[in-house]
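This report covers helix packing, domains and interfaces in one model. Please look at the structure first.

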Amino acid sequence: MSADVDLWAVPLAVFAGAIRAGSPFLFVSLGECLTERGGRINLGLEGALVMGAMSAYGGAVLSGSPWLGLLAAIVAGGLLGLLHGLICSLPRVNDIAVGIGLMLLGIGLAFFLGKPFIQPRAPGLPAFELGAWSSNPLVREALRINVLFPLGLAACALMHLALTRTRWGLALRCVGDSQDTARALGLPILRLRLSATALGGALAGIGGASLSLFYPGSWNEGLSSGQGLMAVALVVFARWQPWRCLYAALLFGGAGALGPALQAAGVTGAYHLFNAAPYVLTLALMAFASERTGAPGELRLSR
Amino acid sequence: MSESRLSVSRRHFLQAVVAGSLVSLAGPWSRALAAGDKLTVGFIYVGPRDDYGYNQAHAEAAAQIRKLPGITALEEENVAETVAVQKTMESMIELDGAQLIFPTSFGYFDPHVLKVAAKYPGVRFAHCGGLWREGVHPKNTGSFFGYIDEGQYLNGVAAGHASKTRKLGFVAAKPIPQVLRNINAFTMGARSVDPSITTRVIFTGDWAMPVKEAEAANSLVDQGADVLTCHVDSPKVVVETAARRGAMVCGYHADQSALAPQAYLTGAQWNWVTPYTTLVQAAMSGAPMPNFIRGGLREGYIKTSPYGPALSAAGQAAVSATKEKMLAGALTIFKGPLADNKGRTVIAAGVELAQTDVALEAMDWLVEGVQG
Amino acid sequence: MSATSASAVAVLRAAPDPRLAAALRALAGTVGALALAALLFGAFLVAAGHDPLAVYALLWKGAFGSAFAWQNTLLRAAPLMLTALCVVLPARAGLIVIGGEGAVLMGGLAAAALGVHLGGLGGMALLPMALAGALAGGVWIGLVGLLRERRGVNEAIGSLLLAYIAAALFKHLVEGPLRDPASLNKPSTPALPDAARLGELAGSGVHAGLVIGVLACVLAHLLIHHTPWGFGLKVAGGNPRAGRMVGLPVGRLAIAACGLGGAAAGLAGMIEVAAVHGAANSALAAGYGYAGILVAFVARQQPLAILPTALLVGGVAASGGLLQRRLGLPDATVNVLQGFLFLSILVAEPLFQAVAQRIRRRRPR
């Protein structure tokens, strides 16, 4: 390694990357978390994410406002989430299978409808320049926080409060833990689940918007690298706790930034294996974290 | 400068037409193809044709060919390098009567083009890459390619004049000869301006990985690089990310200046209209298929993007001067003595490797000054 | 829609044999689902400003309209038969495996790495290659089953993670240690000798992998429906607790089903390498493993039903190019149709049953 390499830039880059690349993970894993607390798995959040990314970009191009784009992503993701909830409410329908179907449909629709938006440029979402005090460009960049990230923090807090302090949240958890109990208590099972899956889809849509309108800030067909699918793993990782979704998302974002940052600092070779590090890590954690506390009882995962 | 580019390609176009009519003495093709002045041409792309990159460069040229009289153009995008491309070629032939096919992705040639070409000896397959060899591959197939490292050398000269940190960044897909050659040419162009300049490379691992490309561009800027370029299928993300970080950028494949008007210095672009025209003219006139054609700036296979405002007048003058030398055939990029970044001599003193030299096609080293 | 299900109900009432009735019900459900998918897709096309009839005509032409179209469809269907088995067999044990792509890559890589050295074996070279491919794929998905049974790792997530890991490992090896130095700009393993290539079925333009795919589906059918092992698997998959109570090795059955499914997908990888690419390179990651999920679900996890379903899905893929060229539709049109197809299959049966029940309630017998 040559002398002018800034190895200390690696942790800074990983920190910045954790927030930049972690934002889509944060939203989609929160969406999955909420869905699963209601007792359903939605693999289709990948479809909602991609559809959200396309709708956000397309909406921003057409309207000229990134905020309207964000709204479009929320609506598109929410509709796909709602569809998941509706289909799963039919008897003897497997939620994982429905998720795969929705993923296919969501991605197909996004690619179909997104063709005209590959070329145009959309106005991006703004960022908070929290590092303006520093003269170091690295610090300034690392502290350039996109507007969606604090929104994600707020969503974490809100979801935590909703699940622990509100009637709706307690009822949803009850539905997720035991449908029989919920029925005995006379809870509106269908409505609770529909609200959770629709909100979950909307959150995944915001995750997609953060990809297309902030980072990397572009729409094309290779934009998502499976963040929506990984959400299911992240939630297991996070033990179905909103705050832990935040840590898991940051870890994943940071792990994704590690490979390029190390190469930039002169550590080369085996970059394919570095790129796979997050997946190996997740698998290892799932296999060796023995306690399965926190899993909603109705979840197919835990049986 | 766009004037000179135009005149070059026009000159070449005329050359091609003249050459085509000269050799149109009844070859085996004349019966099959010279019947009437109509030709159905198929273009096959591996990715989306509006990617601001590799596929767009081909599609832009295809759009020019489509306008020629007598031409029917067929296009298909996102065709995988599997039986899918074999069947797309066959379908264009069987159902739409294609007589000349441009399978534009490097990976299409072996085995896919070769297999279909053996089945349809009356159809011409002009593959983009450099793989056709006399005596090995059939006469109804052929390769065309461009020496785009010349454009990357010019990018390097521009970067050398624009960089203040003396550090450049290169986002690359895979460490294959074509990519290494571009990285080397870019670095050597910059070091012709200032030998203290270094280039740092990040390999993303694949041709289209937007998030990784953005992350790589950010990491390079974090490490102090202030001019970036790339060799990935769609440079859009790298160009936009670099511009957002306040770095300057050199384009690749197609013209990306619209994406970052203030940060764009210049760019290395394909000019596929030239080989396309040569091949289409030959097919229409019934001349034998030109099996192995390639060229650089001089031959009109490559062009450069217009200069952006970030490149100083002195920088523009330097790039233009280097370009004139290339157009006059007075500049050899790869000549000895040349050491790689591990200190080995890769080209001995006194040796000049012309662009046509096959040794350049097996490049597996990175030149001195490249870190990565 | 209700007319379809009403006639289905009528047929059911007329059918005397319960097994025939079950088969008919499944068939009616599938046909109804296809009709539903066609309807939804047609509505989508109209909304997008296209003529659905023109699209369907072209789909037919591109998939089944000529000898060439059939060839195209069969070629695309061949790998899907095997990758669908990678979903169907574990599904029999109650597992949803969605990472068959990883087994395709591992199987193809193993076969390519071995095949290079088998030039001297003549026609026998294909056998060890097939075994290597099946073994590599089998171990890969077997690992999914093992992680599930021994460590409680959900098989859908586990197989997906392993597919990502397989892709990285595959690229690392093909572009690094296993790379043929002569494969300059298309990093590949060394080209296979002629003995290690799988040829075409006499003059048909379709490679022999199709026969292997059909045979594998038939074998899987026999295994599942006509052997004690298959019966045990059915019990274990349907109700693991009951299975354990009657002394079935439920965990081991599930792992074995995963291993067999993985072997089928690994074989698909070997066939792609030996019949199409002639070496292992990144073109092998063409998504056949993921397309197999769609085929398996549309086939309702029945091995024999995979055959027509693979034709359907392969045919849709085969006609995608024509839709692009003739109608200017985006290539993703095919994905949209596949999405509607998948959801319709899932929705149709419960939906039709609910409708049928309502009809029955309205006209008490």
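The text below goes from the domains to a helix pair and then to a chain interface.

The model is predicted: local features need pLDDT of at least 70, side-chain atom pairs count only at pLDDT 80 or more, and totals for chains, interfaces and linings use all residues. Residues are numbered from 1 along each chain as its sequence is written, chains are lettered from A in the order in which they are written, and side-chain values use heavy atoms, without hydrogens or water.

**Domains**

Domain bounds come from an automatic or database domain assignment.

| Chain | Domain 1 (residues) | Domain 2 (residues) |
|---|---|---|
| Chain B | 2-146 + 271-295 | 149-268 |
| Chain C | 1-50 + 347-365 | 83-286 |

In chain C, the centres of domain 1 and domain 2, taken over C-alpha atoms, lie 35 Å apart.

In chain B, eight residues of domain 1 and eleven residues of domain 2 make the contact (heavy atoms within 4.5 Å). The two domains of chain B bury about 790 Å² between them, with 60% from carbon and sulfur atoms. Buried area is the accessible area (1.4 Å probe) that two parts lose on being put together, summed over both. On the domain 1 side of chain B, B:D51, B:Y52 and B:Y54 supply 60% of the area buried against domain 2, more than any other three residues. Zero salt bridges are counted between these domains of chain B. A salt bridge needs a side-chain nitrogen of Lys or Arg within 4 Å of a carboxyl oxygen of Asp or Glu.

**A helix pair in chain B**

Helices are DSSP runs (H or I, at least four residues), numbered from the N terminus. Helix α8 (residues 210-222) of chain B packs on helix α9 (residues 236-244) of chain B at about 35°, with the axes 9 Å apart. Axes are lines fitted to C-alpha atoms over the stretch in contact, and angles run from 0 to 180 degrees between N-to-C directions. From α8(B), the contact uses B:P210, B:E213, B:A214, B:A217 and B:N218; from α9(B), B:V237, B:V238, B:T241 and B:R244.

**Chain A against chain C**

The contact takes 44 residues from chain A and 45 residues from chain C. About 3600 Å² is buried between chain A and chain C, and carbon and sulfur atoms give 79% of this area. On the chain A side, A:F112, A:H272 and A:L283 lose the most area to chain C, together 19% of what that side buries. One salt bridge is found across the interface of chain A and chain C. The side chains of C:D331 and A:K115 meet in a salt bridge at 2.9 Å, N to O.

Notes
Helix = DSSP H or I, 4+ residues; strand = E, 2+ residues; numbered from the N terminus.
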